[in-house]
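Before reading on, please take a moment to look over the sequence and the structure.

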Amino acid sequence: MSYVFHILIMICIYLILSLSLNLLVGYTGLLSLCHAAFYGIGAYASTLLMVKLGLNFFLALPAGVIIAMLFSLLVAYPSLRLKGDYFILTALGFQIIVFSILYNWVDFTRGPYGIPGIPKPSILGFEFSSLPLFLLLSAIFASLALLILYRISASPFGRALKAIREDELAASALGKRVANFKIWAFVIASGIAAIAGSLYAGYVTYIDPTSFALDESIFILAIILVGGSGNIKGPIVGTIFMIILPEALRFLGIPNTIAPNVRQMIYGALLLFLMFFRTQGIAGEYRFEGE
Amino acid sequence: MNIGLKENNIIAIDEGLAGKRQTGSTSESFRNLCMLELRDVTKRFGGLLAVDNVSLAFSKGKITGLIGPNGAGKTTVFNLITGFLKPDAGEILFSDYRINGLPTWQIAQIGTGRLFQDVRVFSKLATLENLLLARKRQSGENPLVALFRRKSVLDMEEKNIDEARKWLKFVELEEEEKTLAENLSYGQQKLLAIARLLAGGFDLLLLDEPTAGINPEMTKSVLDVIRRLAQAGKTVVVIEHNMNIIMEISDLVYFMDEGKVITFGLPQEILGDPEVRRAYLGI
Amino acid sequence: MVLQLLANGIVTGCIYALVALGFGLIYNTTKIFHLAHGIVYTAASYFLYTFVRQLGLGFVLGFLLALILATLLGVAIEVFVYYPFHRRKASLRVVMIGSLGIYIFLVNLIAMVYGNETKVLSPGVATTFHIGSVILTKIQLLQILAFIILFSLSILLLRKTKLGKIIRALADNPDLVTVLGIDVRRVRVYIFILGSFLAGVASCLVALDVGMDPQVGLGVFLTAAVAVIIGGVGVFEGAVIGSFALAILQNLMIWRVSAKWQNALVFIILIFFLLFRPEGILGKRRRLEEA
């Protein structure tokens, strides 16, 4: 039973991640490969505040969000000037640089040794220590993320993002200040990803940089590409599919040693297949194109 | 025919069009009339002089035609006005306010609307959404407002949708409200683009071949709209290759070739001008 | 000390340059961000391992066979994936994701079949040569030699042969080439043969030097891609200059700072170039006008 809780909690965390990346990829058309970096910055920022300064989870989380948002400007500004491949590489570079910092600045982040002993979230003496309680907390945050992103994407703001995705020049010819919109998209997406980071830290009580590497960014992107983007359904379908898949493999009796490889082979093949036959993924609206 | 753009020439032409008019000083009436002005604008691409020391003036309430062979620099002039390109020399003034060097979005917000030759509708968005995008000053475009003041955003949306539907009906596309723009025919997309400009409430309208690809009945409606826009005080500039259209709706015509303004004047005069015919028809 | 580092930098630079030349050939002409180049690289090492360690063939024979297979792999990707994408007029981003899918699939296949641990091909102490105060192993000298030979041949091919002219024309203006009635399909195959071959050579030489593991290809590939961009997109020689610049800077960093920031350094340099000199070292400054 605790296994089921675990799956559901991970679904909540990845929902937050995929829904926020969706704002960048599906709505604005920015193929960002650095989402795990924001995830990691949120996790590390709130963890360090909790562990080193004894800050409460519910204060450390928003602090992590703000810090991630500030860092996102480092990617947002280049995205204004760089087109296509160059932007993708810049985001990739940001991901690698952030990982490098988390991994190598041992004095600050304890590098590969990670940070253990992260306290479970608690408020006014009440601790979310049991799995069902943590699931409740995760579900609350996931719903919050869903609500925020739904409202934002179904609004004129979301519509303007889609216009920018389709034709930036035509959008500016209608008076849309493209730069503003892109920066907002990054700030919002990174902030929400940071929420997932804090949640994850509070869940596993030990974090290390390898959870926030390029592989992770690729995984989150794969969720969006497989499930679909440009709407709310896509990321939800994608998250459930990609989280359930490895568990389904386990039931099929694939040995644990090769299970991770098989899982990745499946989604590698799936990516190729979808790019050929169905670029909107399973349930997306945005038929992934671009330049 | 007068060539060049001295103040009194404009006044002279306009007085000819409007009948003798008792006005104050010439410069005042000039300013009242002129919505957009290019002064000695030059644009180079590497070695190519795309726009060569061009001066143009477009008046409020008038439809000005911009004609010339391909490569004459007409679209470049549009690009310069809308801020896609920055002039290497000269000034562009919108109601006496210098706009060269401003970003495109700002020029659009000031009131410049553009119809592209290649239409440029937002293909994967629905027809109605295309129109809604043109609506000005949508508070819901700020994500914080969208998040926290949902009611006011929804109210504004409702009003905007009503307005947008009005324009959709006008171009006879109300059935296609939910259709993705990419699934419309070329002619329909053009109408959508025109409706978009109308919905946007722009004061200066730059129309690049507005009737190309539209059937004759719809063309009549489009021209009718254009006339009514001018009557309402908008400034309309039309690039057209169809000389009949130019004859029909322009109050004034500029003829450009090789980046220069060769001549300008009333449509009948320009189209009768042998130099123009030579450049266009190679006669 | 400095000289040794410089020498090491040159050796590493030779490897990067071979991979970058190959990637550059493909990227400049087809504009495809051929991520799978990284797995063609990795596969070559493992083919070599299979032939030498598992099938007991001699090194030379194994080397040749590995090269052939790696080249075939690269060509297969072009013929069965990229060209079909080209025919459907898929956007470059879609192709890139497809390439990513191939990479993920194959890297996990290799890891599954061969294991994740580092494999070494020539155990024992390597023969060393002393050149002044610098020490280089036999294999390192081979790497330099291979680079010199292959680079010269590449330049000869690009400058003096008809295929070379077509390749340079493709890099300059892809549409023009189809107008001239050239069999683009066949030219692309040749390009992939060349590119994959170069990567294969680099990979096998490195395998003989330090061994191999499934993950290493991505790092080498990304460095090579950065080298192509900072060297100047569209200028084939630029990839080589970029490669040596990166390799030498990396080694200087090892000396002055530490080895662990190498990856971050590569991308910091990339971002610097993208923001301040996007045309690269050898590229021509093209003022990109809108509309």
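Two strands are said to pair if DSSP finds at least two bridges between them, and helices (H or I, at least four residues) and strands (E, at least two) are themselves DSSP runs, numbered from the N terminus. The model is a predicted one, in which local features need pLDDT of at least 70 and side-chain atom pairs count only at pLDDT 80 or more, while totals for chains, interfaces and linings use all residues. Residues are numbered from 1 along each chain as its sequence is written, and chains are lettered from A and ligands numbered from 1 in the order in which they are written.

With these terms in hand, consider strand β9 (residues 252-257) of chain B, which pairs with strand β10 (residues 260-265) of chain B in the antiparallel sense over five bridges. Asp257(B) has Lys260(B) in β10(B) as its bridge partner, and in the hairpin, which has two residues between the strands, Glu258(B) takes a positive phi near 50°.

Turning to chain A, we find twelve helices and two strands, arranged along the sequence in the pattern α-α-α-α-α-β-β-α-α-α-α-α-α-α. The radius of gyration, taken over C-alpha atoms, is compared with a globule rule of 2.2 Å times the number of residues to the power 0.38; chain A has 19 Å, which agrees with the value near 19 Å for a compact globule because the chain has 291 residues. Of these residues, 58% count as buried, where buried means that 20 or more other C-beta atoms, placed from the backbone, lie within 10 Å of the residue's own.

α4(A) is mostly covered, since 17 of its 21 residues are buried.

What does chain A touch? If two residues are in contact when their C-beta atoms, placed from the backbone, lie within 7 Å, then 23 residues of chain A are in contact with 27 residues of chain B. The largest share of that side of chain A, seven residues, comes from α7(A). The contact with chain C takes 30 residues from chain A and 28 residues from chain C, and α3 (57-81), α4 and α12 (259-277) of chain A each supply at least two residues of the side that touches chain C.

Definitions and conventions:
A residue is buried if 20 or more other C-beta atoms lie within 10 Å of its own, exposed if 12 or fewer, and partly exposed in between; C-beta atoms are placed from the backbone.
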